[in-house]
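I set out to record which parts of this model touch one another. The entries follow the display.

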Number of protein chains: 4
Amino acid sequence: MSISFEIDERVAGIARRTAEFVRDVVIPEERACDGDVHAGPEPLRRRLQEGARAAGVFAPHVGEEFGGLRLDLRGQAVVFEAAGYSLLGPLALNCAAPDEGNMHLLEVVATEEQKARYLRPLAAGEVRSCFAMTEPAPGAGSDPRALATVATRTSGGWRIDGRKWFISGADGAAFAICVARTSGGPGDPGGATMFLVDSDNPGMKIVRNIDTLDHGLFGGHSEVVFEGCEVPDSAVLGEVDEGFRYAQVRLGPARMTHCMRWLGVARRAQDVALERAADRSAFGGKLAELGMVQQLLADSEIDIETGRAVLWRACWELDQGRSAAQHTSIAKTYVSEAVGRVVDRAVQVCGALGISGDAPLSRLYREVRPFRIYDGPSETHRWAIAKRAVRAATERRETR
Amino acid sequence: MSISFEIDERVAGIARRTAEFVRDVVIPEERACDGDVHAGPEPLRRRLQEGARAAGVFAPHVGEEFGGLRLDLRGQAVVFEAAGYSLLGPLALNCAAPDEGNMHLLEVVATEEQKARYLRPLAAGEVRSCFAMTEPAPGAGSDPRALATVATRTSGGWRIDGRKWFISGADGAAFAICVARTSGGPGDPGGATMFLVDSDNPGMKIVRNIDTLDHGLFGGHSEVVFEGCEVPDSAVLGEVDEGFRYAQVRLGPARMTHCMRWLGVARRAQDVALERAADRSAFGGKLAELGMVQQLLADSEIDIETGRAVLWRACWELDQGRSAAQHTSIAKTYVSEAVGRVVDRAVQVCGALGISGDAPLSRLYREVRPFRIYDGPSETHRWAIAKRAVRAATERRETR
Amino acid sequence: MSISFEIDERVAGIARRTAEFVRDVVIPEERACDGDVHAGPEPLRRRLQEGARAAGVFAPHVGEEFGGLRLDLRGQAVVFEAAGYSLLGPLALNCAAPDEGNMHLLEVVATEEQKARYLRPLAAGEVRSCFAMTEPAPGAGSDPRALATVATRTSGGWRIDGRKWFISGADGAAFAICVARTSGGPGDPGGATMFLVDSDNPGMKIVRNIDTLDHGLFGGHSEVVFEGCEVPDSAVLGEVDEGFRYAQVRLGPARMTHCMRWLGVARRAQDVALERAADRSAFGGKLAELGMVQQLLADSEIDIETGRAVLWRACWELDQGRSAAQHTSIAKTYVSEAVGRVVDRAVQVCGALGISGDAPLSRLYREVRPFRIYDGPSETHRWAIAKRAVRAATERRETR
Amino acid sequence: MSISFEIDERVAGIARRTAEFVRDVVIPEERACDGDVHAGPEPLRRRLQEGARAAGVFAPHVGEEFGGLRLDLRGQAVVFEAAGYSLLGPLALNCAAPDEGNMHLLEVVATEEQKARYLRPLAAGEVRSCFAMTEPAPGAGSDPRALATVATRTSGGWRIDGRKWFISGADGAAFAICVARTSGGPGDPGGATMFLVDSDNPGMKIVRNIDTLDHGLFGGHSEVVFEGCEVPDSAVLGEVDEGFRYAQVRLGPARMTHCMRWLGVARRAQDVALERAADRSAFGGKLAELGMVQQLLADSEIDIETGRAVLWRACWELDQGRSAAQHTSIAKTYVSEAVGRVVDRAVQVCGALGISGDAPLSRLYREVRPFRIYDGPSETHRWAIAKRAVRAATERRETR
């Protein structure tokens, strides 16, 4: 076994079908909603997912027993990029955030009963879900230890109290996975626990849908309040006080699946720019013959190629069963920034067209900016990357 | 006389009053429209301009005979930056694009009658105007020589035919200054002429308002068709065939006034970030104590300070009556990119808040992107800058 | 078969032995010559190569029949990076430029007799060689079609006339592979032919050793004149007029082996910076705890990791027998720039130490700069990358 | 009085004469020493300074009573940039570091007797001097509070003990201004005192000349040991315990004069690149017609113009008698990085020539790198810039 960038045949086939499905079915649907799915239009979601099922590309990340194709992360990397070519593609394949990460978490941590009740309909696209972790300042943001939402013991269960925001997909979700503190206090790690909360629980309320720069996340981002929210013991996901650890189980791969989907966005933006540069004349020639335009185009090719390579590396590490924290931090930081650069350059190449709604670029421009912030802002990842590198260097020296 | 960065007292007074007016009157108005004035809400415009008049800061760039304060460009640089602290500030002072540039052009080129009919009400804020030059591909974009709109001689006047787009403020404007080819054909310079076209002219039609990334330009950006648009000889602005030259008369200063206003935007974004960094705690301290956050904040201070210095330089050159093409190209390119970086960093410092509508940053983020494209994309300016530098170096050598 | 970053066991073993050999034998030799081997000190070279042979890591890229380990490019990527950790490492393993590229070219193109006479002693480290292609302006530089050196037919052979410069390793080389034009004229592609020229040929003269920023190339860079240089027909390497094509045979992999070695340099610089940051106190803590230092260190980790991933990708493509022009251009451009950034940051982290001879960094800083210029400057590669991307986009569209 | 970039006539005349002197006299001297003056060749220095005196441009920064032209900082900005066009220019005008900063400090702080003994011959170019502040880790580097050299009271004087390094110009200097701690201990600010130490003092020893990346500082950079170094009370420069404050008196302007000189270096590098681009043909045209080359050239014009503008701003602030700490930090950080970018781009434009000794660029490339480290590394300045900006924002808010 040695270094290989070969995509195995089954994966290549699914990716090819996904690309065709996106081109022929998904992209034509973009116009209708103008890329804005914050309102969560259910008929569109149903229609797209039926299409994906018909194309044989539905739920590529989920186990067969739940109706999926059980691709490992490397396989997902190839297929999700193809899906991400349209902002609606991952929704169609039922591999969009936050559902995709929740499915993964449930597959790993949930009991059989929880799987039957929550994972099965989620994987089938019958319901949606959300992941309620982030809190407004001074709560849990880029520093999870600041977690302020509290779950306290009741007879036969727990009562959750706290405020969450930027809870993606909450509006319309059938249930939330809510992270609450079960020991310690804000600022010290202590212990967190994950709870499965049905959205008809009277203690959980969506207090507003937040107006954000991006509009491409189905259902948008909400502020959610848990107030005297009572849940039974069976709502505990995994072990009590192990929530921070599970968050990592979810976030490591979830960061990578984000990167996969966004690489598709970058590829889309670059293709728009390439076609425009090939067509548009200026200064006595084609745009594509101007050196500065070539530089923009070449830099984006480089960004996409390096981003994909480093992402595949991280996926391979995770597929080997390693924690791969350094690899995933590097891939997330690099890809999120590279994707932003690619879309920005595509806008520049396309000029006035790039900032108008006549091309998809101004929409993509808005969508990709938050990616440098969520799932850990670049600064938090760089801090972690440097710390690990310094520690490794120190250990290397000590063993000499 | 030697190098000085002293702001003279009168200008400093106007700037101070502008800053207070923006803070006390204009910013509170932002919420109502959420920074979106593409629809051109007239009551808001009237209210803001009355406020500016009351504060003694109305029309700072216009001659006294038209009710203004007759500041030179250096004075404008100081005052427009203060106005630009809110996206609505320039509108309030009646110094927003495109009216401000049109007023300048009319003051320099128009006949007395044209001034009475067009400049006077425009300077007074009674009407708005637009500048119809840019065309969809393959027409005049970053390369003005591609001008495709044509004006042909009729008995006693001209007939204009052509399609324009991204005509800012066209919807609701009382008149357009339309640039049309009067000799030569697309691709060769030939001659262009500027025409004053009343918006009730049946030959001028707004065919759509373009959906764009930015929403802060009063009246938005429209696609406008001139079809058999008949105008009398008195509609000719300046001399026939001198339109490309007048466009430079307009664009040199207009580029600089854009920079002034946008520096105010940058300052606003940076202030939001500074206050957030001072308040928000994370990782056991204030954000403002984290090195990577400090780097973001410091880089933005550097960008604003260098941008302002190089802008003032260009304004001083123009105030000396020089063409200053190299200085204005450098200032436009640098400031437009610096402002973009500053807003981007402010978003990053503020995290989730930065991409939500709870802070003005996500709005500002969308507004500043097009600035690297309009008034000449960065690439066109860099091309011109390099060409002039090479020519100067060659001449220097030849005279040795 | 699917995506894998597994290093096979044999390669891993060779890499481990190389790393130990570099650490224990090569680095201690650095001080003696202070990293400056432009003078080509033969005793040092002999000593180092004997060491490598003893360690079982000599000539990893060469076929077994010539005494090597016959690693494919992926294997070389791993081992050459380990060797590159010292500037003297590749010399020790006999895999330094330009000999390494020449060995590859000879293995692919040379006749059996040529192999016996030139490749065998070269692979064994008995002699050195050079590759005479680059010419001073207006000859062949980043644009090979400008080739001005001419070979003309004589009875029974050829006569070569022309001037070459930046011919690395020429001083002390036993022979040169000289590229000369055999049809067409400068500016049109025409045909070039490669000739094996013994350095005792009276028609080949080293006219000076060029003073360059880097000092780490054994034998330095020379200006070489061919004047009435007569060679027999047996000196033709491969086919007449196929020289431009062979240049690509040599340059594709040679660019990659450069990247491998320089990644080792980057790793070395980063390790120096990491150790310094872990040790040095300032502002009441360790350097490694300061956010801006962490950012420098993290960015370098990202650069190294992404550079390695994209390099391995290109190597895998080449190992599949593909031309991989786009992949090698991307890898060369990215890695050369990434390595430069890593060394620059390491200098900054180390401060005064970084610019002194007390650490290896100021030497490395000088060595890496030319890498963005030779083997095709970044601009030439970007031009080619953009052209290929535009062509591919156009073809994609046409087949839709 | 308002914003002006007018250079007053007297300054313009001195600058013109300086430019001519540099072109006609100084640059021809460069070849002899190949830009390397670390050995401190006295005959060259004498010759150059006689030339400057003859040209009427000697000691432009010093008061007339000491034989200078008493330019304020804005005047120096113009003239020093002209001088800096050659690395030898500032030496010729006797305005090179560290002497120029020492003269300034002595003019402001020294007693009349000290001025007669130290300043007069220094200003006249009869002797050289050095400034002994920086210490090897863990002493005073970018954090001056770490000062470890100690001065202790003796009867009738002081005894200095400590180790200094990177003491520029020490080898060959007639005296040192040594900064030593006179109260408190390393890590707390306490008090430092400046001492005038004659270089024949047996307690002051140059222990080695440090090998550094740059070679353009006359006399190089030395490691200096003070061991039982006895000085009388009259050797105290200014007040006891005020040394940290005086260091700022020296460093504020000294940072700016560095920037002035280095802008000259940048201009030189850019001119070499411009001429090369205008002359050199490649790919069927001149280099100067290639878009990517134009981008490199334009970016450097922008860097120089913005750097000069922000530098002039800081100089004006200092000329008004303000501390201008924020302005000088911004100017130093920006100009040092901009100059580095300009030289790097010039190298790239010139290709092989750029990294050879055939053009001055490879020398300049080495010279400018340390500028981002000395006089406070960019990171230290950014930290200070951010802190001041946050403090100002907080105060602004509190007064609302």
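**Contacts between chains C and D**

I looked up this pair and found 34 residues of chain C in contact with 34 residues of chain D; two residues are in contact if their C-beta atoms, placed from the backbone, lie within 7 Å. I note that this is a predicted model, in which local features need pLDDT of at least 70, side-chain atom pairs count only at pLDDT 80 or more, and totals for chains, interfaces and linings use all residues. Residues are numbered from 1 along each chain as its sequence is written, while chains are lettered from A and ligands numbered from 1 in the order in which they are written.

I then listed the elements of chain C that give two or more residues to the side touching chain D: strand E9 (281–282) and helices H8 (291–319), H9 (325–350), H10 (361–368) and H11 (378–398). Helices (H or I, at least four residues) and strands (E, at least two) are DSSP runs, numbered from the N terminus. H10(C) gives the largest share of this side, three residues. By class, I recorded 16 nonpolar, 10 polar and eight charged residues on the side of chain C that touches chain D. Ala, Val, Leu, Ile, Met, Phe, Trp, Tyr, Cys and Pro count as nonpolar, Asp, Glu, Lys and Arg as charged, and the others, Gly among them, as polar.

**Domains 1 and 3 of chain A**

I found chain A divided into domain 1 (9–96), domain 2 (129–241) and domain 3 (245–398), with bounds from an automatic or database domain assignment. In chain A, 17 residues of domain 1 are in contact with 21 residues of domain 3. On the side of domain 1 of chain A that touches domain 3 of chain A, H3(A) supplies the largest share, eight residues.
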